[in-house]
Amino acid sequence: MSDPTGDATGLIALTRAVSPTLEAALVSHVARQSIDMDLAVRQHAAYEALLTELGATVVPVPEAPDLPDAVFVEDCAVVLDEIAVVARPGARARLPEVDAVAATLARYRECAWVEGPGTLDGGDVLVLGQTIYVGRSSRTNDSGIDQLLAAVAPYGYAVLPVEFGGALHLKSVCTALEDETLFLDPRRVDVTQFRECEYLAVPGDEWPAVNTVLVHETVVMAAGYPEAVRLVESTGRAVRAIDISEFAKVEGGVSCKSILMWA
């Protein structure tokens, strides 16, 4: 089910259409590759359909055909039950993506904004209960982290910086299967930075599989990583793997293409 009006209730997923300029999306840790645009559009439609099947209502953000990275809506905001913090992407070319996402979020949440010189990408932000871990990266700086803390501290959240390497965002190397269990690559992020969390270590050559998203009780993972899928399934969790090959070419993962929140 899709709700273009923004009147959805329950679990909603903000998504944004694939720009025809996706091939020009920013890359920093991978070599640039040609993208099959027809396949990318089909893959994104399948992603939205899976979210719907798993019980989320898809709410579209207005299309932005001239913004190559616009499909990666996660980077534009951090959404909690109490407030939405509108991010300020660390790549200047992505700043125009923010306004339409913020306008859509404003139907559901009071919004606070990260201001310059702060930068914050939502892909660097991992929320575990009342603790928010934020990766220091080329896209997220200390001012952005401090502004996030100022916005969320009144609601009882702690914000802790995390160091990592070898990838674009913190969520490229670590996501949460639930509030107390992480799925991560210990070669790229030190698990001791996280408070009292259990974790699963991804099989070494399948590390991109750690970028997951939890939809109700189902872990959505990228297809093509069979050992990682078996590892998560071995814990008794339900897993759905989906092909996002064209988005992976520009460092996109399954979490990047939606903002999940309760309405």
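This is a predicted model: local features need pLDDT of at least 70, side-chain atom pairs count only at pLDDT 80 or more; totals for chains, interfaces and linings use all residues.
Cys-111 is in no disulfide, and the nearest cysteine sulfur, that of Cys-76, is 12 Å away.

**Cysteines**

- Cys-197 has its closest cysteine sulfur in Cys-174, at 8.1 Å, which is too far for a bond, because a disulfide requires the two sulfur atoms to lie within 2.5 Å.
- Cys-197 is buried, with a relative accessible area of 16%, whereas Cys-111 is partly exposed, with a relative accessible area of 25%.

**Aromatic pairs and charges over rings**

- The count of aromatic pairs comes to 2, and one of them is formed by Phe-72 and Phe-247 in an edge-to-face arrangement, with 6.2 Å from centre to centre and 85 degrees between the planes.
- This pair links distant parts of the chain, since Phe-72 belongs to the loop between strand E2 (57-61) and strand E3 (77-79), while Phe-247 belongs to helix H5 (residues 245-248), 175 residues apart.
- Both Phe-72 and Phe-247 are buried.
- The ring of Phe-247 also has the charged end of Lys-257 sitting over it, 3.8 Å from the ring centre.
- The charged end of Lys-257 sits over the ring of Tyr-47 as well, in this case 4.5 Å from the ring centre.

**The cavity**

- The structure holds 1 cavity of 30 Å³ or more, and the volume of the largest cavity is about 80 Å³.
- Phe-72, already named as a partner in the edge-to-face pair, is one of the residues that line the largest cavity, and the lining also includes Leu-26, Leu-168, Val-250 and Cys-256.
- Among the other lining residues are Asp-69, Asp-75, Arg-94, Arg-139 and Glu-251, together with His-169 and Gly-252.
- Sorted by class, the lining of the largest cavity consists of 5 nonpolar, 2 polar and 5 charged residues.

**A residue in strand E13**

- Val-220 lies in strand E13 (residues 218-222), and it counts as buried because its relative accessibility is 1%, where buried means under 20%.
- The C-alpha atoms of Val-220 and Glu-233 are separated by 11 Å, and the two residues are 13 residues apart along the chain.

Methods. Residues are numbered from 1 along each chain as its sequence is written. Side-chain values use heavy atoms; hydrogens and water are left out. On a 1 Å grid over the protein atoms alone, a cavity is a set of points where a 1.4 Å probe fits but cannot get out, and a pocket is an open set with protein on both sides within 12 Å along at least five of seven lines; lining residues have an atom within 4 Å of a point. Grid points are joined across faces, edges and corners, and a volume is the space filled by probe spheres set on the points. Ala, Val, Leu, Ile, Met, Phe, Trp, Tyr, Cys and Pro count as nonpolar, Asp, Glu, Lys and Arg as charged, and the others, Gly among them, as polar. Buried means under 20% relative accessible area, exposed over 50%, partly exposed in between (1.4 Å probe, protein chains only). Rings of Phe, Tyr and Trp (its six-membered ring) pair if their centres lie within 6.5 Å; planes under 30 degrees apart count as stacked, over 60 as edge-to-face and the rest as tilted. Helices (H or I, at least four residues) and strands (E, at least two) are DSSP runs, numbered from the N terminus. A charge sits over a ring if NZ of Lys or CZ of Arg is within 6 Å of the ring centre and within 35 degrees of the ring normal.
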